[in-house]
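Reader: I've got a structure to look at and I'm new to this. Can you walk me through it, one piece at a time?

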Amino acid sequence: MDKYLKQSLSIDAAKNRRPTTRRPRAAAATASADIEDLASPSGCRAVAGPTTAAAAVRAELLRWYDANRRDLPWRRAAEPPAGSGSGRGEEQRAYAVWVSEVMLQQTRVPVVVDYYSRWMARWPTVDSLAAATQEEVNEMWAGLGYYRRARFLLEGAKQIVEKGEFPRTASTLREVRGIGDYTAGAIASIAFNEVVPVVDGNVVRVISRFYAIPDNPKESSTLTGELVDPSRPGDFNQAMMELGATLCSKTKPGCSQCPVSSHCQALALSSQNASVKVTDFPRVVPKAKPRSDFAAVCVVQISQGFGEGIAEAEGKDNLFLLIKRPEEGLLAGLWEFPSVLVNEGKTDTLNRRKEMDKYLKQLLSIDVARRSSVILREDVGQHVHIFSHIRLTMFVELMILNLKDDGEELCKEGPDSTKLRLINENAVQSMGLTSGIRKVYNMVKVFKEKRLKEQSQVPTRKRSRRLK
Ligand code: SF4
């Protein structure tokens, strides 16, 4: 414990305070729970007895969790049915925990509830998911972002089905594609009752405050592991995460209602010294500034020239060209409108169009200008999309083409026809397009509606250009 106290005394917020290793008031006032017992190696080894401080923390935390936990669909799914034994029931719970935990990474609970329910209705078992296609999974995932997660879920499901059984321990779960320490710990402890820790950002914050460790503690996993309740590991882990997500929030912790406040070292330090706040723990590390990228995006709409089959399809005048992104890297394997990166100093219309024409020619192996007449080509506007490490400014233009010959052949002529697709408006709505691409599409839609309105106010013979 002395080590953590020394660290905590070194933080900026504590610089006006005289260092002390005296037991904090709040902790000293508690007869059954001494924080130092929890953190010292000897204290950790002694946590098995019901009268120890660790046992008191577990009991208080679990009592609070039982009374206050949020009713979430994946928690219901993870509950063992009355009288059930081991086997498929546990595997079913493991699948539910896995899907929910993957969705919850980077996404807020209220958003996940809806996605989770729809996902489980469509693919209620790992076997049913393994039979899905990447396209179907992307469609379901559309709007959740971080599409790598969806890809890994599918690949992981295929791996598990091929193996014939759901891995039951954290170490074997980590062998599944896309499952890291966090997800492995969650599945193993919640579904299979393994006594392993689950450490997400919320738990790191709780542990940092609980032990008054100012820097993001590498020992979080070890410290949490030493606290995990041996009889209810899954509930304990969920209780820690729930505490971090609700009471022990980043900026406004509700310490007065916290079930473990009498053991909390940061709270004890703050009560000793007014210049120390519990929110000083953990120390905030400034985020690296995202890189700025610029892209020319061309929404290519094909207006005419289709054979009978496609002409019969709904929205024949509103077919859009989509391109599949490479299978590796940002937004891997997802569909988008033709996009090309441009340098920051070359985002003017002339240069963007030059780059886009070059790209389309290379992409389709045809000269679009020769094979078609351009009915309309106009800038629509800009959209900024923020990825975790990139700030992408998209310069969006709409190009409506009237093909001079059979448009059906258009996508077959590219170097790789599997990466090109013409879709109608309905498909744009239902496909697994990223939220950035959807916003681009909506911008174009609004632009066209505005232009149509303008045109309707002009006498017919004066209309030089047509919008469908
Ligand atoms: S007492 Fe406050 S700071 Fe400490 S764990 Fe509880 S909510 Fe977090």
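Reader: Let's begin with helix α22 (residues 435-456): what span should its residues have at 1.5 Å a residue, and how far apart are its end C-alpha atoms?

Author: Helices here are DSSP runs of H or I with at least four residues, strands are runs of E with at least two, and both are numbered from the N terminus. The expected span is 1.5 Å times one less than the number of residues. Helix α22 has 22 residues, so it should span 32 Å, and that agrees with its end C-alpha atoms, which are 31 Å apart.

Reader: Before we go on, what kind of model is this?

Author: It's a predicted model, where local features need pLDDT of at least 70, side-chain atom pairs count only at pLDDT 80 or more, and totals for chains, interfaces and linings use all residues. Residues are numbered from 1 along each chain as its sequence is written. The pLDDT is the predictor's confidence in each residue, from 0 to 100. For the protein chain, 76% of the residues reach 70 or more, and the mean pLDDT is 80.

Reader: Which stretches have a pLDDT below 50?

Author: Let's take them one by one, with contacts meaning C-beta atoms, placed from the backbone, within 7 Å of each other. One stretch below 50 has 80 contacts in the model beyond near neighbours in sequence, and that is residues 1-51. Another one below 50 has 21 such contacts, and that is residues 305-315.

Reader: Back to α22: which of its residues are buried, and where do they sit around the axis?

Author: Buried means 20 or more other C-beta atoms within 10 Å of a residue's own, exposed means 12 or fewer, and partly exposed is in between, with C-beta atoms placed from the backbone. In α22, the buried ones are G436, I437, V440 and V444. They cover an arc of only 100° around the axis (taken from the directions from the helix axis to the C-beta atoms), so they're on the same side of α22.

Reader: What do those buried residues pack against, and which residues are exposed on the other side?

Author: The buried residues of α22 pack against the strands β1 (291-302), β3 (335-336), β5 (372-386) and β6 (390-403).

Reader: Is A212 buried or exposed?

Author: Look in the loop between α14 and α15 (220-227), where A212 has its place. A212 isn't a glycine, but its phi is positive, about 55°. Since 29 other C-beta atoms lie within 10 Å of A212, it counts as buried.

Reader: And which residues does R325 touch, not counting those up to four places away in sequence?

Author: R325 is in the loop between β2 (319-324) and β3, and it counts as partly exposed because it has 17 C-beta neighbours inside 10 Å. L331 is found in the loop between β2 and β3 too, and it has a positive phi of about 50° although it isn't a glycine. The residues that R325 touches are L331, A332, G333, L334 and E336.

Reader: Last one: what is the peptide bond from F281 to P282?

Author: Most peptide bonds are trans. P282 is found in the loop between α17 and β1. With omega near -10°, the bond from F281 to P282 is cis.

How values were computed:
Contact = placed C-beta atoms within 7 Å.
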